[in-house]
Amino acid sequence: MKNLKVFLASFLSLLFLVIVPLSQVHAEVNNSVGKEITFNDGITAKTLEDNAEVKRVETKDDKNIYIATYYKKTGELKYETYDLNRKLLNEELITDNPSSKNALNVETMAGTLIRKNTLKDVYGYWVYSYSGKYIWVTKLRDGVSKNPTEKDANRDALNNFKSSVDSFMSNKDQMVVKVGSGVIATIVTLYLVPEPTWTKILAGLLTVISSAIAYAEGKAMYNAYMDSKYYFARITI
């Protein structure tokens, strides 16, 4: 009998240890709605709504307010952009994955393809070897590309562009491993614009992943793409 009582006491203690953390996690999830957090760069974010149908997140910087609404059953993502007085400036529904409408016909280029890293042929690089030279195709986004032959004058810019693309793709892949592709592929399109806005991108990321992952991999992707812009502009033909 004594052994049975000890066993029951131990079992109940173990059960309590399991139940209490789970209840705390549940409480944290419920309490996250309406709770504002501030990131290191000063951007604030808060979840406005989170249920079986949608998750709505608001982010704010010193210029604008962005509200991203993720429709969980359809995978669609809606953005609303406001000024700081909460006047609606723009509203858009994002549904398309990145796909090149003006893809370079790189497969027919002369030479041997020796290296490639691209995001569905919309962003990235291709390196060909031909007659002892390296011929590059570099692409920043749809419709913005360069096709230089590597030489002393552009070698550093090309290799730095390559490094920035590799960093962008690596962080994207890490994010996909942690949370799956899904809407991540859609959010990536927000990077591939002339002037990407980190606060806006962050709002979308926070509708599908934790703040820690969004800020780590998401911000690293943003920094890498901005590096790509910088080095792309310095690639001479």
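## The largest nonpolar core

In this predicted model, the largest nonpolar core holds 47 residues. F168, Y191, W198, I201 and L205 are the members that touch the most other members of this core. Several elements give two or more residues to the core: the strands β4 (64-71), β5 (76-83), β8 (123-130) and β9 (133-141), together with the helices α2, α3 (184-188), α4 (198-206) and α5 (211-233). The most is given by α5, which supplies eight residues.

Apart from residues up to four places away in sequence, L205 touches M175, I184, I187, Y191, W198, A214 and G218.

## Helices α4 and α5

The axes of α4 and α5 come within 10 Å of each other and cross at roughly 140°. Angles over 145 degrees count as roughly antiparallel, so α4 is classed as oblique to α5. The crossing in which α4 passes α5 is right-handed.

On the α4 side, the residues that meet α5 are W198, I201, L202, L205 and L206. Their counterparts in α5 are S211, A214, Y215, G218, K219 and Y222. Sorted by class, this contact has eight nonpolar residues, two polar residues and one charged residue.

## Helices α2 and α5

The helix α5 also packs against α2, at an angle of about 160° and with the two axes 8 Å apart. Because angles over 145 degrees count as roughly antiparallel, α2 is roughly antiparallel to α5. The crossing of α2 and α5 is left-handed. By class, their contact has 13 nonpolar, seven polar and four charged residues.

N171 lies in helix α2. Its relative accessible area is 13%; since buried means under 20%, N171 counts as buried. When neighbours within four places in sequence are left aside, N171 is in contact with E217, A220 and M221.

## A buried asparagine in a loop

N154 is found in the loop between β10 (144-146) and α2 (155-179). With a relative accessible area of 0%, N154 is buried. Not counting residues up to four places away in sequence, N154 touches P148, T149 and T236.

## Summary

Two asparagines are described as buried: N154 in a loop and N171 in helix α2.

Terms used
Residues numbered from 1 in each chain as written. Predicted model: local features only at pLDDT ≥ 70, side-chain atom pairs only at ≥ 80, totals over all residues. Heavy atoms only, no water. Helix = DSSP H or I, 4+ residues; strand = E, 2+ residues; numbered from the N terminus. Buried < 20%, exposed > 50% of the residue type's maximum accessible area, 1.4 Å probe, protein only. Contact = heavy atoms within 4.5 Å. Core = buried A, V, L, I, M, F, W, Y, C linked by side-chain atoms within 4.5 Å. Axes fitted to C-alpha atoms, helices over the stretch in contact; angles between N-to-C directions. Parallel < 35°, antiparallel > 145°, perpendicular 65-115°, else oblique. Left-handed = near helix turned anticlockwise from the far one by under 90°. Nonpolar A, V, L, I, M, F, W, Y, C, P; charged D, E, K, R; others polar.
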